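Please look through the sequence and the structure before going on.

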Amino acid sequence: MEEWKKSVLIGAILLILAVIFAILRKEFNIWIILIILLAVIDIIFGIIRKIKKV
């Protein structure tokens, strides 16, 4: 699997898990927000890698 696909996939999984965890606990604390931020950054870098590769 290409690097950018791995990056986007891992970011999406992190994002989904963080949101599910926050909904189940009914709270958004600093750690959940940091994980969501990390996932979004990972997805953005994956997309940037794809754009630069093409």
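Is Arg25 buried, partly exposed or exposed? At 45% relative accessibility, Arg25 is partly exposed; buried means under 20% relative accessible area, exposed over 50%, and partly exposed in between, with a 1.4 Å probe and protein chains only.

The model is predicted, so local features need pLDDT of at least 70 and side-chain atom pairs count only at pLDDT 80 or more, while totals for chains, interfaces and linings use all residues. Residues are numbered from 1 along each chain as its sequence is written, and side-chain values use heavy atoms, with hydrogens and water left out.

**Overall fold**

- The protein chain has 2 helices and 0 strands; helices (H or I, at least four residues) and strands (E, at least two) are DSSP runs, numbered from the N terminus.
- Helix H1 covers residues 3-25, and helix H2 covers residues 30-53.
- H2 has 24 residues and reaches 34 Å from its first C-alpha to its last, close to the expected 34 Å at 1.5 Å a residue; the expected span is 1.5 Å times one less than the number of residues.
- The C-alpha trace of the protein chain spans about 40 × 20 × 10 Å along its principal axes.
- The radius of gyration of the protein chain is 13 Å, whereas a compact globule of 54 residues would have one near 10 Å; the radius is taken over C-alpha atoms, and the globule rule is 2.2 Å times the number of residues to the power 0.38.

**Packing between the helices**

- Of the 54 residues in the protein chain, 17% are buried.
- Of the contacts in the protein chain with a separation of 6 or more, 67% come from residues 24 or more positions apart; contact means heavy atoms within 4.5 Å.
- The buried residues of H2 are Ile32, Ala39, Ile43 and Gly46, and these buried residues pack against H1.
- Ser7 is in helix H1 and is buried, with a relative accessible area of 6%.
- Leaving aside residues up to four places away in sequence, Ser7 touches Asp42, Ile43, Gly46 and Arg49.
- Ala22 is also placed in helix H1 and is buried, with a relative accessible area of 1%.
- With residues up to four places away in sequence not counted, Ala22 touches Glu27, Phe28 and Ile32.
- Ala22 and Lys5 are 17 residues apart in sequence, and their C-alpha atoms are 26 Å apart in space.

**Salt bridges**

- There are 3 salt bridges in the structure; a salt bridge is a side-chain nitrogen of Lys or Arg within 4 Å of a carboxyl oxygen of Asp or Glu.
- Side chains of opposite charge can pair when their charged atoms come close.
- Glu2 pairs with Lys5 in a salt bridge, with the closest N and O atoms 4.0 Å apart.
- Glu2 is partly exposed at a relative accessible area of 32%, and Lys5 is partly exposed at 37%.
- Lys6 forms a salt bridge with Glu3, where the closest N and O atoms are 3.8 Å apart.
- Lys6 and Glu3 are separated by about one helical turn because they are 3 residues apart in helix H1.
- Lys6 is partly exposed, with a relative accessible area of 36%.
- Arg25 forms a salt bridge with Glu27, and the closest N and O atoms are 3.0 Å apart.
- Glu27 counts as partly exposed at 32% relative accessibility.

**Loop between the helices**

- Lys26 lies in the loop between H1 and H2.
- Lys26 is not a glycine, yet has a positive phi of about 60°.
- Lys26 is exposed, with a relative accessible area of 75%.

**Surface**

- The protein chain exposes about 4400 Å², and carbon and sulfur atoms supply 78% of that area; accessible areas come from the Shrake-Rupley method with a 1.4 Å probe, and for residues only the protein chains shown count as cover.
- Phe28, Ile33, Leu37, Val40, Ile41, Ile44, Phe45 and Ile48 make a nonpolar surface patch of about 720 Å².
- Patches are made of residues with over 30% relative accessible area and no salt bridge, with like charges joined within 9 Å and nonpolar side chains (Val, Leu, Ile, Met, Phe, Trp, Tyr) within 5 Å.
- Ile44 lies in helix H2 and is partly exposed at 44% relative accessibility.
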